[in-house]
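Trainee: Could you go through this model with me, one piece at a time? I would like to ask as we go.

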2 protein chains.
Amino acid sequence: MNGAEILLRTAAEAGVEVCFANAGTTELPIVIALDSVQGIKAVLGVFEGVCTGAADGYGRMAGKPAMALLHLGPGFANGIANLHNARRAGTPLLNVIGEHATWHRAADAPLTMDIEALTGAVSGWQRTNASAGHISGDVADAIAGALAGQVASLIVPHDHQLRECPGAEIIGARFSFAPIDGREMERAAQALSSGKKAALMLGRRALRKRGLEAAARIKAATGCNIVTETFPGYMERGAGLPRVSRLPYFPEDAIAMLSGYETVVIAGAHDPVTFFGYEGIDSFIISRNQEKIQIGTGGQDMVAVLENLAGSLRAPKGTAMDDHIFAPLNRPGIPAGELTGEKVSLVLAALQPEGAIIVDEGLTTGFPYYQIAAGTPPHTLLTITGGSIGYGMPCAVGAALACPERPVINFQADGSALYTVQSLWTEAREGLNVKTLLCSNRSYHILEMELERAGITSPGPNIRSLVGLDGPAIDWVKVAAGFGVPGASVRTAEEFAGALGRTLEEPGPFLIEMIL
Amino acid sequence: MNGAEILLRTAAEAGVEVCFANAGTTELPIVIALDSVQGIKAVLGVFEGVCTGAADGYGRMAGKPAMALLHLGPGFANGIANLHNARRAGTPLLNVIGEHATWHRAADAPLTMDIEALTGAVSGWQRTNASAGHISGDVADAIAGALAGQVASLIVPHDHQLRECPGAEIIGARFSFAPIDGREMERAAQALSSGKKAALMLGRRALRKRGLEAAARIKAATGCNIVTETFPGYMERGAGLPRVSRLPYFPEDAIAMLSGYETVVIAGAHDPVTFFGYEGIDSFIISRNQEKIQIGTGGQDMVAVLENLAGSLRAPKGTAMDDHIFAPLNRPGIPAGELTGEKVSLVLAALQPEGAIIVDEGLTTGFPYYQIAAGTPPHTLLTITGGSIGYGMPCAVGAALACPERPVINFQADGSALYTVQSLWTEAREGLNVKTLLCSNRSYHILEMELERAGITSPGPNIRSLVGLDGPAIDWVKVAAGFGVPGASVRTAEEFAGALGRTLEEPGPFLIEMIL
C-alpha cells in the first residue's frame, strides 16, 4: 500500500464517496489509486472552480465532505473563489492538493508556488503532510476538521504519495460537537421570555428540518419571529415548514426589518452586517441599542442547542400547525406575457416539484423568488453565502451527485454563470438531473443598481463596457449544446412554463435561457 | 479629484493604456473615473482569469504594463493562475484590487478575505494603500515595480477611492535598470572564449530582437550555441533571426541536449530544472560537472548585458548572414490526410503570415511545431511560462489589443482552452484579430503520457474518467458561436489549410476546431 492508497482508504472509511478532481502529474499516484481502492467515485471538472463548487454543493446536501483533488498552487488557486463560499456556508469539505516531490521543491520548477499561503486564505484546517507514515492521520484529522463545518486542506507531496508503507494502519476520523453551555442557554431563554419584541436568527445547521422544528417550538412558546441571514448556505422550507423571514440585501431594507426587535438571538448565523460598506450607514445592522445574544458559537451542534433552548422554555414538543408559525401550501398561478424577474419567480414557484433542490444564484432577477416560493411544497434552498459569483453552476452539480433521486433546479444569473460555465460539461457527462434556468438580462445588473445609488444616470463608454453583457449577446442554448446539454430559449412566461414543465418530466440536464 | 481619478491619472501618465476589468461595488469609483480620466480603455473580461491572462499577453507584447482591475479577494483569486504565468514570464503587470472601505473591514462582511495573503503568492511588488493622499505615489511605485518585470499588486480600499483630494499631485513612475557588473562580464567572456563547448541560454528580454542580435555576435565570436528554456515567455524568431534551440519538456531529452556542453552561460533564463520531480532524475538539468554562469541577475537590462558581453569579446557589430547562426527562409509544404500533431504544425508553419504573434498552448499536439516553424517569416512566439493551463486564450486577447495591426494565432489545446473559454466573448466584443486553432484530442494527453511513463497500460474507470475529455465530446464550433465567434471544424490537413488560409484573409476572431 502506497501513500496514495492509504490516503484514499482513510477517506473512504470515513465516508468520503465522491472525488471532484482535475489532477495533474503531481497527483498521478492518487489518480491511479482511485481504481485500486474501492468506494470513491471520481468526477472530472474541466476547471477547478467546478470541482470546489461541486464539493461545496455536495457537502451542503450530504452533510459530510466530498473530496476535491487539485493540482499544485495554480489548481488550488482556481478553486479558491468557490471555497470562499463553502467557508462562509460552513460546508464540510476536504481538499487534497498534490505538491512537487519534497526533494524537487528547491528547484523552483515552473509550477512551484507558496501553496500554504493560498490554502490559508480559505481553510479552517490545513496541513502539509510530513511523510507517508503520517498520511492516514492527516486525512483523519482533515475530515474531522471538515465535519466541524470547515474547509480542510491537505497538501501531499508527490514522493509521499508514491512511498510504499507495508502494513500501514488506517486511522478513523473522530469528530464530536462541544457540550452545550448551560449559562448561555439560560441567558437566551430569559431574553426570549422577557416580553421584549424578539427575533431568533438562524444560520447553518439551524436551518435543517430538526433545527427549524425546535425554532418553531421556541416561537410558539415565546412569540419571537424566526429570521435568517441574506445568504443562508442551506435551508429547508416550503409548505408545512416554519416560516423564516430572510434579511434583505440592501442595508436600508435590512435595517428596516431588524430595527423593530429589542432582542435578537443569533443561532448559527453571522452577526448581520451590510454586504458592502456604504458611507453614512453602520456596518452592523443590529444597533448598539438592541440586545444581541449569540448562542452555540463554541462548536456545539446547533440543533441540540435549539432543542435545549426549547426545553429550557418548556416549549411543548410537536408544535400545532398554526399558519402564523408554519407556511401553508400556497402555489402561485402561472402569469402571462413578457418575462420579468417576478414572472420568472412565479413560474418557478408554480411548477417546482416537491423535494426539489433550488440553487439560487438568480441575484437581481431572483430577488422576488424567496417571498413568492414560501408556500411551495417542501424543498431545499441553497444560496451564495460568500458573495463570490460563479457558485451556482457547480453547486448544482455537487447537489445532484449528493442526492441523485431529487431534481436540482439552478436559478442562475448570466454574469455569474459565465464564471463556471464549464460545469455544464460535467452535467452532461454524469447525466445529472440539473435544470438550469438562465436569467439572461445581459448585464451585471447589480452594478447598474449600485451606479444608480451612486448618482450616475448617464454612464460613459467605459462604464457601459464594464456593466453590459450585450454586444454580443451570449447564445446560451448554443453554449450549452457545445458542452453537451440540450436547451431552449424563452421570452414569455407561457413559453417558460411550457419548457420548464416539459423538462421536469424527464431526468437529465437541460438549460432554459430566459431572455429578460 | 478623488482617489480613483488620481489612481487612473497616475497610471495614464505612466503609459498605461488598457484596463482589463471585472469590477464590483468596491471598485465602482474607479469604474466611474474611467470615463472622466482620459487615456485608458476599459476591456471587460467575463471572468478574472481572462483579465489577468490578457494583461499578461499585453505586457509581453507591449513591454509595458496593462492594468487588471479586480474585485476583492475572490476576484483576485480567480486571476492567480494566469498571474503565476505572468510572474514566471517576467511580464510587467499592474493589478489594482478594490477592498472594502477601511471602516467596514471589521464587520467581516461576506466577501471579506485576506487579500494580501493571495497577492503575496504571485506579486513581486505589493502594497495596501494607506490613504487617498498616498494613491499617486503607490501607483507610481507599483508601475516602477511592474517595469522591473514583475507582477505589481495594489490593494485600494473603497473609501480611499472615493475621498476628494483637491490639488493632489500626480507622481511619475521612475524605473531604471541596475548598472552592469564588470566582473560578471569578464567571467562570462572568459568562459565563452576558453575553447570549451559552450551554450548561451537566453530568457526574458534577451529573446527580443536586440538581445538576439547581440547573442548572434557572441556566437559568431565564440562558437557557442544559443539555447532557450522549455517555456520562454516571449521570443522573436523565424527567417533572418538567430537560431535558438529550445530545451525539450521531458527530462531525458533535456539532459541529452544540455549534457554536451562544458559551460552554460545563462542570460535571463531560469536555471534549467525538470518540470516535475521524477524519481531517480536530478531536478537540475545542468550537472555539477558542468560550469554554470548566470549573468545579469541583479536587475540589469539583459539586452545591455549581452551587448556589453559581445563588446568584451570584441565581436564585430552586424554579424554576417551565416545559415549556421541565422535561420534561412524555409516554409514546409502543406501535407495531406487525417490531422496529426505534426500535420497541424506543418500547415500552420506553411501559412502563418509574417509578423504573426503565435500564442502556443498547443501542448502535446504542438510539440513538433517549434522545430518545423524555425524558418518561417519573422514572428513572435509566446509560451506557457508557469505551466498553469488556461493561459493561451486570454494571452491572445491581450496580445491582439497590444498589437492591433498584427494577426494573432492562438495554437490551443482543448483541455487548457476550457479553463478560460470565456475569452472568446472578449474577442467577439472587441473584434480582435485572433485565430484560435483548437487542438481537439479530447483528452488530457500529457496525463496519458505520464501514465504510460508510470507503467499504467490498462487504466480503470476512475483513471479514464479523469483523463478523457470525451463522453461527451465538446462541440467547439457551437461553444464559439455561443460566445459570438464564428468557426469551422476540420479533420484533414487539406480542410485545415483551406480554413486557415481563408480566415487569415479577413480580420476578426475565428475558431478552427481541429479534430485529432
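Predicted model: local features only at pLDDT ≥ 70, side-chain atom pairs only at ≥ 80, totals over all residues.

Trainee: Which strands does S13(B) pair with?

Mentor: S13(B) pairs in the parallel sense with strand S14 (residues 379–383) of chain B over four bridges, and with strand S15 (residues 408–413) of chain B in the parallel sense over five bridges. Two strands pair if DSSP finds at least two bridges between them. Ile357(B) has Thr380(B) as its bridge partner in S14(B) and stands opposite Val408(B) in S15(B).

Trainee: OK, chain A now. What is the strand order in the open sheet of six strands?

Mentor: The order is S2-S1-S3-S4-S6-S5 in chain A, with parallel pairing. Strand S2 (41–44) and strand S5 (125–128) of chain A are at the edges with a single partner strand each, so one side of each has no neighbour in the sheet. On average, neighbouring strands of this sheet are turned by 20° against each other, direction ignored. For that angle, axes are lines fitted to C-alpha atoms, for helices over the stretch in contact, and angles run from 0 to 180 degrees between N-to-C directions.

Trainee: What about S6(A), how many of its residues are buried?

Mentor: Seven of the seven, so S6(A) is largely enclosed by the rest of the structure. Both of its faces are covered, with Val151(A), Ser153(A), Ile155(A) and Pro157(A) buried on one side and Ala152(A), Leu154(A) and Val156(A) on the other.

Trainee: How many bridges hold its pairings?

Mentor: Strand S4 (residues 93–99) and strand S6 (residues 151–157) of chain A pair in the parallel sense over seven bridges. Leu94(A) stands opposite Ala152(A), and Glu99(A) opposite Pro157(A). S5(A) and S6(A) pair in the parallel sense over four bridges, and Thr128(A) has Ile155(A) as its bridge partner in S6(A).

Trainee: Switching to a helix. What do the buried residues of H21(A) pack against?

Mentor: They pack against helix H12 (341–351), strand S16 (434–440), strand S17 (487–490) and strand S18 (510–515) of chain A. The buried residues are Ala493(A), Phe496(A), Ala497(A), Ala499(A), Leu500(A) and Thr503(A).

Trainee: You mentioned S16. Is Thr436(A), in that strand, buried or exposed?

Mentor: Thr436(A) counts as buried because it has 27 C-beta neighbours inside 10 Å. Leaving aside neighbours within four places in sequence, Thr436(A) is in contact with Asn410(A), Gln412(A) and Leu511(A). Contact means that the C-beta atoms of two residues, placed from the backbone, lie within 7 Å.

Trainee: Last topic, the two chains. How many residues does each give to the contact?

Mentor: Chain A gives 76 residues and chain B gives 77. On the side of chain A that touches chain B, H4(A) gives the most, with eight residues. That side divides into 45 nonpolar, 24 polar and seven charged residues. Here Ala, Val, Leu, Ile, Met, Phe, Trp, Tyr, Cys and Pro count as nonpolar, Asp, Glu, Lys and Arg as charged, and the others, Gly among them, as polar.

Trainee: And what confidence does the predictor give?

Mentor: The complex gets an ipTM of 0.97 and a pTM of 0.98. Chain A averages a pLDDT of 97, and 100% of the residues score at least 70; pLDDT is the predictor's confidence in each residue, from 0 to 100.

Technical notes:
Residues numbered from 1 in each chain as written. Chains lettered and ligands numbered in written order. Helix = DSSP H or I, 4+ residues; strand = E, 2+ residues; numbered from the N terminus. Buried ≥ 20, exposed ≤ 12 C-beta atoms within 10 Å, placed from the backbone.
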